[in-house]
Amino acid sequence: MAYPKEFRYSRTHEWVKMDGDVATIGITQFAQEQLGDVVFVEAPAVGKKLGAGDSSGNIESVKAVSEIFAPIAGEVVEVNAELQAHPELINQDPHGRGWLMRLKVAGAGEELLDAAAYEAFLAEEGAH
């Protein structure tokens, strides 16, 4: 799988796509593969302020419940309402329609990786 080059990635398997001072955040292809079929998403409330590394919700799959972490600091300005009715979008299109939230950025990300570094990180972890 080739990860989008314009995104940045966390070691906890979230991606970040910047558009000015707003970051769209989701989970990576690898993360959704590990989860299996997603059945429910608990997103943070609009207006919630998150620090980099803070828990920002949960994704429930048929296998497990996993925490979502904010890879950067900011205030939640939008959540993907489509996921309430169609959580499977995370499995079908994790880097597109399966996005989780948008943050108005308040600070730099915690050592976010570019696509090549993320793929190398997965290889080191024995993920692929």
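**Entry 1: F69**

I started with F69, which counts as partly exposed because its relative accessibility is 24%; buried means under 20% relative accessible area, exposed over 50%, and partly exposed in between, with a 1.4 Å probe and protein chains only. The model is a predicted one, where local features need pLDDT of at least 70, side-chain atom pairs count only at pLDDT 80 or more, and totals for chains, interfaces and linings use all residues. Residues are numbered from 1 along each chain as its sequence is written, and side-chain values use heavy atoms, with hydrogens and water left out.

F69 sits in strand 7. Strands here are DSSP runs of E with at least two residues, helices are runs of H or I with at least four, and both are numbered from the N terminus. What does F69 touch, leaving aside neighbours within four places in sequence? I found T12, E14, G53, D54, S55 and S56 in contact with F69, where contact means heavy atoms within 4.5 Å. I also checked F69 against I27: they are 42 residues apart in sequence, and their C-alpha atoms are 9.5 Å apart in space.

**Entry 2: S55**

S55 lies in strand 6 and is partly exposed, with a relative accessible area of 34%. Neighbours within four places aside, S55 is in contact with L50, E67, I68 and F69. The side chains of S55 and E67 make a polar contact at 2.7 Å. A polar contact is a pair of N or O atoms within 3.5 Å; within protein, one must be able to donate a hydrogen and the other to accept it, and residues adjacent in sequence count only if both atoms are side-chain atoms. For D93, 38 residues from S55 along the chain, I got a C-alpha separation of 22 Å.

**Entry 3: S61**

Is S61 buried or exposed? S61 is buried, at a relative accessible area of 6%. S61 belongs to strand 6, residues 55–61. Not counting residues up to four places away in sequence, S61 touches L35, G36, D37, V38 and V39. A polar atom of the S61 side chain lies 2.7 Å from the backbone oxygen of L35. V38 has S61 as its bridge partner in strand 6.

**Entry 4: the two sheets**

Strand 4 and strand 6 run antiparallel and are joined by four bridges; two strands pair if DSSP finds at least two bridges between them. They are part of an open three-stranded sheet with the order 4-6-7 and antiparallel pairing. Strand 4 (38–42) and strand 7 (65–69) are the edge strands, each pairing on one side only. From one strand to the next the twist averages 25°, with axes as lines fitted to C-alpha atoms and angles running from 0 to 180 degrees between N-to-C directions.

Another open sheet has six strands in the order 1-2-3-9-8-5, again with antiparallel pairing. Strand 1 and strand 5 (49–50) stand at its edges; each has a single partner strand, so one side of each lacks a neighbour in the sheet. Strand 2 (residues 14–19) and strand 3 (residues 22–27) run antiparallel and share six bridges. In strand 3, T24 is the bridge partner of K17.

**Entry 5: helix 4**

Which residues of helix 4 (residues 115–124) are buried? I noted A115, Y118, F121 and L122. They are on the same side of helix 4, because they cover an arc of only 120° around the axis; the arc is that of the directions from the helix axis to the C-beta atoms. The buried residues pack against strand 1 (8–9) and helix 1 (29–35). On the face turned away from the buried side I found the exposed residues A116 and E124.

Then I looked at the ends. D114 caps the N-terminal end of helix 4, with a side-chain oxygen 3.3 Å from the backbone nitrogen of A116. G126 follows helix 4 and has a positive phi, near 75°.

**Entry 6: the chain as a whole**

I ended with the overall picture. The chain has four helices and nine strands. Its C-alpha trace spans about 35 × 30 × 20 Å along the principal axes. Of the 128 residues, 42% are buried. Among contacts between residues at least 6 apart in sequence, 63% join residues at least 24 apart.
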